Amino acid sequence: MIKIAICDDDPKFVGATQEYLEQLAKEDYIELEIECFLSGNELIREYEKGVLFDLIYLDIEMHGADGIETAKQIRKKDYHVLIVYISSHEEYLRQLFEAEPFRFLSKPVEYPAFRTVFRQAAERISEQQSNYFHFKTGKSMIKIPCKEILYFESAGRKIIVHTLQHSYEYYGKLNEIEENLKEMRFVRIHKAYLVNIDNVEAFQYERVAMSDGTILSISQKNRPRIRSEFWKYYHNTSGVKIEEKEE
């Protein structure tokens, strides 16, 4: 699923862009969720509600907040969304870099050029979705590269996401996170801890040391399984100290 916003104050262009996307969805067998906005202010308000998109097609010249200002406001909420600017005025190109656009399409947009840009975006989004962990805290959606996550901690009804730089809290269930990340290198060592095995500095039978120095306990019932998991990942590799002896 790719969630897309089309933002342009020209209803005819919005309709044509939506038709292009629906055609591509059929050609490439991709499921799309498309929302249309006739002003930058409408799109900004949607982000203020906590709604996020994977891809935005954004006109530059609009009434109210123009495309450049709209993108700046969006970037405060979501650094990772891909923005494709669409305009008949190429003189804006230099101003666009501050909002980090993914691509620029000139009006009138021909279908082959539109298709090429969409497929490039879809490929990038697929990579992002598989390598990022997404969650909502307050009114904001957060995306964190999985490689930066040290461990997840369950604290009552809340989940604490620990990274080297920050810790984030949101309401969730550790069992659901474990299921969603079962193809990734995360291991459940305790009812309260799901650790990123790539960020474990040292392993002993009853505890692990994370790369930030945090020591986490391995629950007694899980110790034989965890030892097997760690040996599977780290046997004959360097950089991680593994203690075989049971203490």
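What follows is a working chat about one predicted model.

User: What kind of model is this, and how are the residues numbered?
Analyst: It is a predicted model, in which local features need pLDDT of at least 70 and side-chain atom pairs count only at pLDDT 80 or more, while totals for chains, interfaces and linings use all residues. Residues are numbered from 1 along each chain as its sequence is written, and side-chain values use heavy atoms, with hydrogens and water left out.

User: How many helices and strands does the chain have?
Analyst: There are 7 helices and 16 strands. Both are DSSP runs numbered from the N terminus: helices are H or I with at least four residues, strands are E with at least two.

User: What share of the residues is buried?
Analyst: Buried residues are 45% of the 247 in the chain. Buried means under 20% relative accessible area, exposed means over 50%, and partly exposed is in between, with a 1.4 Å probe and protein chains only.

User: What about contacts between residues 24 or more positions apart?
Analyst: They account for 54% of the chain's contacts with a separation of 6 or more. A contact means heavy atoms within 4.5 Å.

User: Sheets next. What is the strand order in the parallel one?
Analyst: The order is 2-1-3-4-5, an open sheet of 5 strands with parallel pairing. Two strands pair if DSSP finds at least two bridges between them. At the edges are strand 2 (32–37) and strand 5 (103–106), each pairing on one side only. From one strand to the next the twist averages 20°.

User: How many bridges hold strand 1 and strand 2 together?
Analyst: Strand 1 (residues 2–7) pairs with strand 2 over 6 bridges, in the parallel sense. Cys7 has Phe37 in strand 2 as its bridge partner.

User: Which strands does helix 2 lie across?
Analyst: Helix 2 (residues 40–48) lies across strand 1, strand 2 and strand 3 (55–59), and runs at about 130° to strand 2. Axes are lines fitted to C-alpha atoms, for helices over the stretch in contact, and angles run from 0 to 180 degrees between N-to-C directions.

User: Gly40 is in that helix. Buried or exposed?
Analyst: Gly40 is buried, with 0% relative accessible area. Not counting residues up to four places away in sequence, Gly40 touches Cys7, Met62, Ala65 and Thr70. Gly40 and Gly67 are 27 residues apart in sequence, with 6.5 Å between their C-alpha atoms.

User: And the antiparallel sheet, which strands stand at its edges?
Analyst: That open sheet has 5 strands in the order 10-9-8-12-11. Strand 10 (167–171) and strand 11 are at the edges with a single partner strand each, so one side of each has no neighbour in the sheet. Neighbouring strands are turned by 20° against each other on average, direction ignored. Strand 9 (residues 158–163) is joined to strand 10 by 5 bridges, and His162 has Ser167 in strand 10 as its bridge partner.

User: Switching to aromatics. How many pairs are there?
Analyst: A search of the whole structure finds 12 aromatic pairs. Rings of Phe, Tyr and Trp (its six-membered ring) pair if their centres lie within 6.5 Å; planes under 30 degrees apart count as stacked, over 60 as edge-to-face and the rest as tilted.

User: Why is Phe133 with Phe152 called edge-to-face?
Analyst: Their planes are at 65°, with the ring centres 4.9 Å apart, so the pair is edge-to-face. Phe133 is in strand 6 (residues 132–137) and Phe152 in strand 8 (residues 149–155), 19 residues apart. Phe133 is buried at 7% relative accessible area, and Phe152 is buried at 0%.

User: What about Phe152 and Phe186?
Analyst: That pair is tilted, 5.6 Å centre to centre with 50° between the planes. Phe186 lies in strand 11 (residues 186–190), so the pair ties together parts 34 residues apart in sequence. Phe186 is buried, at 11%.

User: Which residues make up the cluster?
Analyst: Ring pairs link Phe133, Phe135, Phe152, Tyr168, Tyr170 and Phe186.

User: Which ring does the charged end of Arg103 sit over?
Analyst: The ring of Phe102, at 4.1 Å from its centre. Lys107 lies over the face of Phe13, 4.3 Å from the ring centre. A charge sits over a ring if NZ of Lys or CZ of Arg is within 6 Å of the ring centre and within 35 degrees of the ring normal.
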